[in-house]
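Please look over the sequence and the structure shown here before reading on.

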Amino acid sequence: RLYRDPARQKIGGVCAGIARYYGIEPWVVRCIAVTALLFYPGIVFPAYWIAYFVMESPAGAERRHAWHRHGRWR
């Protein structure tokens, strides 16, 4: 599942979560993000913050899975 990775975060865990999802090192995704930010700041900066609010944290994902497994919040 795609979610933020607060254990390996530098800012919000978005790049670390994307790296974990695709099975690559977080520094690779961060380098791509910084490079893209230099060339397309009007797109990358808002996209990062949108991803921050849209991507769940692991705790939120676990609560949602508990709801689906048991039919109630745990």
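## Overall composition

The structure is a predicted model. The protein contains four helices and zero strands, and its elements, read from the N terminus, follow the order α-α-α-α.

Of the protein's 74 residues, 24% count as buried. Its accessible surface comes to about 5,500 Å², and carbon and sulfur atoms account for 66% of that area. When contacts between residues at least 6 apart in sequence are considered, 38% of them join residues at least 24 apart.

## The pairing of α1 and α2

Two packed helices are described by the angle between their axes and the distance between the axes. Here, the axes of α1 and helix α2 (residues 26-39) come within 8 Å and cross at roughly 125°. Because of this angle, α1 is oblique to α2. The crossing in which α1 passes α2 is right-handed.

On the side of α1, the contact is made by Cys15, Ala16, Ile18 and Ala19, while α2 contributes Pro26, Val29, Arg30 and Ala33. Sorted by class, the contact of α1 with α2 comprises seven nonpolar residues, no polar residues and one charged residue.

## Tyr52 in helix α3

Tyr52 lies in helix α3, which spans residues 41-54. The relative accessible area of Tyr52 is 25%, so the residue counts as partly exposed; the class covers values between the 20% limit for buried residues and the 50% limit for exposed ones.

Which residues does Tyr52 touch, not counting those up to four places away in sequence? They are Arg4, Gly12 and Val14.

Ala7 is placed in the segment before α1, the helix of residues 14-22. Is Ala7 buried or exposed? With a relative accessibility of 73%, Ala7 counts as exposed, because the cut-off for that class is over 50%.

Ala7 can also be located relative to a residue elsewhere in the chain, Pro58. In sequence, Ala7 and Pro58 are 51 residues apart, and in space they are 9.9 Å apart, C-alpha to C-alpha.

Key
Residues are numbered from 1 along each chain as its sequence is written. This is a predicted model: local features need pLDDT of at least 70, side-chain atom pairs count only at pLDDT 80 or more; totals for chains, interfaces and linings use all residues. Side-chain values use heavy atoms; hydrogens and water are left out. Helices (H or I, at least four residues) and strands (E, at least two) are DSSP runs, numbered from the N terminus. Buried means under 20% relative accessible area, exposed over 50%, partly exposed in between (1.4 Å probe, protein chains only). Axes are lines fitted to C-alpha atoms, for helices over the stretch in contact, and angles run from 0 to 180 degrees between N-to-C directions. Angles under 35 degrees count as roughly parallel, over 145 as roughly antiparallel, 65 to 115 as roughly perpendicular and the rest as oblique. A crossing is left-handed if the near helix is turned anticlockwise from the far one by less than a right angle, and right-handed if clockwise. Contact means heavy atoms within 4.5 Å. Ala, Val, Leu, Ile, Met, Phe, Trp, Tyr, Cys and Pro count as nonpolar, Asp, Glu, Lys and Arg as charged, and the others, Gly among them, as polar. Accessible areas come from the Shrake-Rupley method with a 1.4 Å probe; for residues, only the protein chains shown count as cover.
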